[in-house]
Amino acid sequence: MSEILLLNGPNLGILGRREPEVYGSDTLADIEAMVAAEVADRGWKVVSVQRESEGELIHAVQDHYGTVGAIVNPGALMIAGWGLRDALASYPNPFVEVHLSNVWAREQFRHESVIAPLASGVIVGLGALGYRLAARALLAKVPA
Ligand code: DQA
């Protein structure tokens, strides 16, 4: 059974009640269900990991190098998460970076991601739909 990694960084476990005007009303459980539904036909399972600290996220990446692809929302670690970036540099399969909000329309400090240069693609500003589209991108990128 193939698995994909759904990795979410700090403050994303409280989606639904975290600034809903910015991040929407879907919870992380809703997003997990959406991603699982997108990949079900391919027989993929979703391994969802959300952590508040960079070290735990690094462990999660290292522990899941065997997954066929990943969807990564690094949260604020996009800005200076060099350790997470290096863990993802060794990730052997495609991953898509997702941000719920349009980071380009927000504060300057959110305009650069240390993760993005390693990603197969980046989806920003589409809310929870971004995760679904990322799942579809992985379906297209990962050989059947
Ligand atoms: C975010 C954008 C980041 O800048 C922010 O720190 C987050 C959420 C998003 O999904 O829009 O935690 O990654």
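Asn8 is located in strand 1. The model is predicted. Asn8 has a relative accessibility of 0%, so this residue counts as buried, the cut-off being under 20%. Beyond its neighbours within four places in sequence, Asn8 contacts Leu28, Val49, Gln50, Arg51, Leu57, Asn73 and Tyr131.

One of these contacts, Asn73, also belongs to the residues around the ligand. By class, the shell residues comprise five nonpolar, four polar and two charged.

A polar atom in the side chain of Asn73 lies 2.8 Å from a ligand oxygen. Leu100 contributes a polar backbone atom, 2.8 Å from an oxygen atom of the ligand. For Arg110, an N or O atom of the side chain is 2.8 Å from a ligand oxygen. On its own, the ligand has 320 Å² of accessible area, and the protein covers 98% of it.

Helix 5 spans residues 82-89. Its buried residues are Leu84, Ala87 and Leu88. Viewed down the helix axis, the buried residues of helix 5 fall within an arc of 95°, so they line one face of the helix. The cover over these residues includes strand 1 (3-8), strand 3 (69-73) and strand 4 (95-99). Helix 3 (54-63) and helix 4 (77-80) are also among the covering elements.

Key: Residues numbered from 1 in each chain as written. Predicted model: local features only at pLDDT ≥ 70, side-chain atom pairs only at ≥ 80, totals over all residues. Heavy atoms only, no water. Buried < 20%, exposed > 50% of the residue type's maximum accessible area, 1.4 Å probe, protein only. Helix = DSSP H or I, 4+ residues; strand = E, 2+ residues; numbered from the N terminus. Arc of directions from axis to C-beta. Contact = heavy atoms within 4.5 Å. Near = heavy atom within 4 Å. Polar contact = N/O pair within 3.5 Å; in protein donor to acceptor, adjacent residues only side chain to side chain. Areas by Shrake-Rupley, 256 points an atom, 1.4 Å probe, with all protein chains shown as cover. Nonpolar A, V, L, I, M, F, W, Y, C, P; charged D, E, K, R; others polar.
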